[in-house]
Amino acid sequence: MAYYQPSLTAEYDEDSPGGDFDFFSNLVTKWEAAARLPGDCTRQVVVRSGVVLGRGGGAIGHMLLPFRLGLGGPIGSGQQFFPWIHIGDLAGIVTHALEANHVHGVLNGVAPSSATNAEFAQTLGAALGRPAFIPLPSTVVQAVFGRERAIMLLEGQKVTPRRTLATGYQYSFPELGAALKEVIA
């Protein structure tokens, strides 16, 4: 989701502008341009994914230990949106795009239900049966990840899968609670 500019208030869909405000957005723009095939004879689909939730690693792998120890909580203020998707749904969107000839262009690979980082932390804590109230201060995030990467964690964006839904894709995990329970089971 680095393509879209971080904002506490804006809501982005597949037609929203972006891709030109920092290093990561420019990188996404360059990746998409490099993958574009010349001409119109080939159907092309780009999936812009949110934070992928799956077993055995990734983002959730780094979060589980502090949350299991009761030391988890929101990152920074927790007010920033946290676009997420279950790995099964991301694979499902890619499969849908391959199999459905009417699908083309950009699809947002995010769940249809949005959550702030604080809501994500609370839901993960609940799924684990643990409290989730200890915030990770912004200064620590910036010191550990550096300024550029910290922005992605501290200043999320609300991204909706309007076109993804319009193509007929049916989510297996549209709600965060069910997705997290399946991932940590």
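These are my notebook entries from a walk through one protein chain, which is a predicted model.

**Entry 1: the whole chain**

I began with the overall build. The protein chain has 7 helices and 6 strands. Reading along the sequence, I wrote down the pattern β-α-β-β-α-β-α-β-α-α-β-α-α.

Next I looked up the dimensions. The C-alpha trace spans about 55 × 35 × 30 Å along its principal axes. Does the radius of gyration agree or disagree with that of a compact globule? For 185 residues such a globule would have a value near 16 Å, and the protein chain has 17 Å, so the two agree.

I also checked how the chain folds back on itself. Among contacts with a separation of 6 or more, 81% join residues 24 or more positions apart. Of the 185 residues, 43% are buried.

The accessible surface comes to about 9,700 Å², and carbon and sulfur atoms hold 59% of that. I looked up the charges too: there are 13 positive and 15 negative ones, and their mean positions lie 6 Å apart.

**Entry 2: helix H2**

My next stop was helix H2, residues 58–68. Which residues of H2 are buried? I found Ile60, Met63, Leu64 and Phe67. Looking down the axis of H2, I saw that these buried residues fall within an arc of 120°, so they line one face of the helix.

I then asked what covers the buried residues of H2. The cover includes strand S3, helix H4 (117–128) and helix H7 (176–184). On the other side of H2, His62 and Leu65 are exposed. After H2 comes Gly70, and I noted that its phi is positive, near 80°.

**Entry 3: Gly50**

I moved to a glycine in a loop. Gly50 sits between strand S2 (45–49) and strand S3 (51–53). Is Gly50 buried or exposed? Its relative accessible area is 11%, and buried means under 20%, so Gly50 counts as buried.

I listed the contacts of Gly50, leaving out neighbours within four places in sequence. They are Met1, Pro83, Ile85, Gly109 and Val110. I also looked up how far Gly50 is from Gln142: they are 92 residues apart in sequence, and their C-alpha atoms are 21 Å apart in space.

**Entry 4: His96 and Thr167**

Last, I followed a pair of residues that touch each other. His96 belongs to helix H3, residues 87–99. Its relative accessibility is 15%, so His96 counts as buried. Beyond residues up to four places away in sequence, His96 touches Val103, Thr167, Gly168 and Tyr169.

Where is Thr167? I found Thr167 in the loop between helix H6 (162–166) and H7. Thr167 has a relative accessibility of 11%, so this residue is buried as well.

Which residues does Thr167 contact, leaving aside neighbours within four places in sequence? I wrote down His96, His102, Val103 and Leu107.

Thr167 and Gly177 are 10 residues apart along the chain, and their C-alpha atoms are separated by 25 Å.

Notes. Residues are numbered from 1 along each chain as its sequence is written. This is a predicted model: local features need pLDDT of at least 70, side-chain atom pairs count only at pLDDT 80 or more; totals for chains, interfaces and linings use all residues. Side-chain values use heavy atoms; hydrogens and water are left out. Helices (H or I, at least four residues) and strands (E, at least two) are DSSP runs, numbered from the N terminus. Buried means under 20% relative accessible area, exposed over 50%, partly exposed in between (1.4 Å probe, protein chains only). Contact means heavy atoms within 4.5 Å. The radius of gyration is taken over C-alpha atoms; the globule rule is 2.2 Å times the number of residues to the power 0.38. Accessible areas come from the Shrake-Rupley method with a 1.4 Å probe; for residues, only the protein chains shown count as cover. Lys and Arg count as positive and Asp and Glu as negative; His and the chain ends are not counted. The place of a charge is taken as NZ of Lys, CZ of Arg, CG of Asp or CD of Glu. The arc is that of the directions from the helix axis to the C-beta atoms.
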